[in-house]
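Thanks for coming, everyone. Let me put the structure up, and then I'll walk you through it.

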Protein chains: 2
Amino acid sequence: MTDLASTTMNAKKAGRISKALADPNRLVILKEIKKRNDCLYCVEITDIIDLAQPSICHHLKQLTDSEIIVGEKEGRNVKYKLNNEVMDEYIAFLQSLKTE
Amino acid sequence: MTDLASTTMNAKKAGRISKALADPNRLVILKEIKKRNDCLYCVEITDIIDLAQPSICHHLKQLTDSEIIVGEKEGRNVKYKLNNEVMDEYIAFLQSLKTE
DNA sequence: TCGAACAATTTAAATATTTCAATAAATAAG
DNA sequence: CTTATTTATTGAAATATTTAAATTGTTCGA
């Protein structure tokens with residue numbers, strides 16, 4: 001094991017993150033998390049995105065499965081936060097694709 | 001027009017790039033471009049990826065449409081290069097999603 | 001010009017994703 | 001315990017993507 005980064009971010013994980021980011025609604029969710037300073041409840045997203053609750057749930061699952069966001073249970077609610085570490089790893093992966 | 005960055009990288013463009021990156025075969029293509037030092041011919045990809053020529057062509061189109069790579073015609077061949085500028089813009093977009 | 005080599009397009013199929021209605025699960029409040 | 005609130009799951013339809021065969025377009029070399 002020579003390259004530590006490769007253990008945290010492999011092509012499979014990068015692919016899953018890319019897929020998670022490959023939907024306009026999911027980008028809106030990420031922007032909203034930023035906007036609300038890492039404090040987004042599922043129920044609030046219904047007001048922002050014109051989708052049914054199960055659809056939003058599905059998109060949140062894509063994002064949490066890729067680990068780009070993390071959901072913290074708070075009673076009945078779930079609070080979503082961006083996983084800055086994973087985002088940094090993903091960015092590092094993209095940087096590694098650059099030539100110079 | 002107050003924010004210059006928004007003209008170069010908006011959500012729509014970021015979405016297209018995310019989609020372009022959201023396929024394992026396309027990530028392999030990008031890695032191979034890096035490996036060969038920005039000098040990849042379409043015909044070479046057939047040796048690396050087990051797909052028919054039109055499929056590879058399709059994937060290259062996704063990548064070039066998103067502008068993450070650029071194809072330069074060289075006689076009968078097309079030489080593909082990573083568009084470092086667009087990659088940097090995309091990375092900056094991802095950075096902007098981070099909270100701290 | 002003709003044929004070979006490389007890339008792009010068209011069309012259709014297989015596969016994957018997105019979406020929502022219905023339902024279930026979990027928890028808070030009364 | 002019962003009900004209301006919030007989130008998750010299931011199942012099915014609509015839509016999008018991926019793939020390859022067949023074809024077309026381009027360019028090089030003889």
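This is a predicted model: local features need pLDDT of at least 70, side-chain atom pairs count only at pLDDT 80 or more; totals for chains, interfaces and linings use all residues.

Now some individual contacts. In A:Lys19, a side-chain N or O atom sits 3.0 Å from a phosphate oxygen of DNA strand C. B:Val78 uses a polar backbone atom, 3.4 Å from a phosphate oxygen.

Which elements give two or more residues to this surface? From chain A, α3 (24–35) and α5 (53–65); from chain B, α4 (42–48), α5 (53–65) and β3 (77–82). By type, the surface near DNA strand C has 9 nonpolar, 7 polar and 7 charged residues.

Next, chain against chain. Chain B puts in 27 residues, and chain A puts in 27 residues. About 2,500 Å² is buried between them, with 66% from carbon and sulfur atoms. On the chain B side, B:Leu97, B:Lys98 and B:Thr99 supply 24% of the buried area, more than any other three residues.

How many salt bridges cross this interface? There are 2. In one of them, A:Asp88 meets B:Lys98 at 2.6 Å, N to O.

Helices α2 (11–21), α3 (24–35) and α6 (84–97) of chain B each supply at least two residues to the side touching chain A. α6(B) gives the most, with 10 residues.

Notes:
Residues are numbered from 1 along each chain as its sequence is written. Chains are lettered from A and ligands numbered from 1 in the order in which they are written. Side-chain values use heavy atoms; hydrogens and water are left out. A polar contact is a pair of N or O atoms within 3.5 Å; within protein, one must be able to donate a hydrogen and the other to accept it, and residues adjacent in sequence count only if both atoms are side-chain atoms. Helices (H or I, at least four residues) and strands (E, at least two) are DSSP runs, numbered from the N terminus. Ala, Val, Leu, Ile, Met, Phe, Trp, Tyr, Cys and Pro count as nonpolar, Asp, Glu, Lys and Arg as charged, and the others, Gly among them, as polar. Contact means heavy atoms within 4.5 Å. Buried area is the accessible area (1.4 Å probe) that two parts lose on being put together, summed over both. A salt bridge is a side-chain nitrogen of Lys or Arg within 4 Å of a carboxyl oxygen of Asp or Glu.
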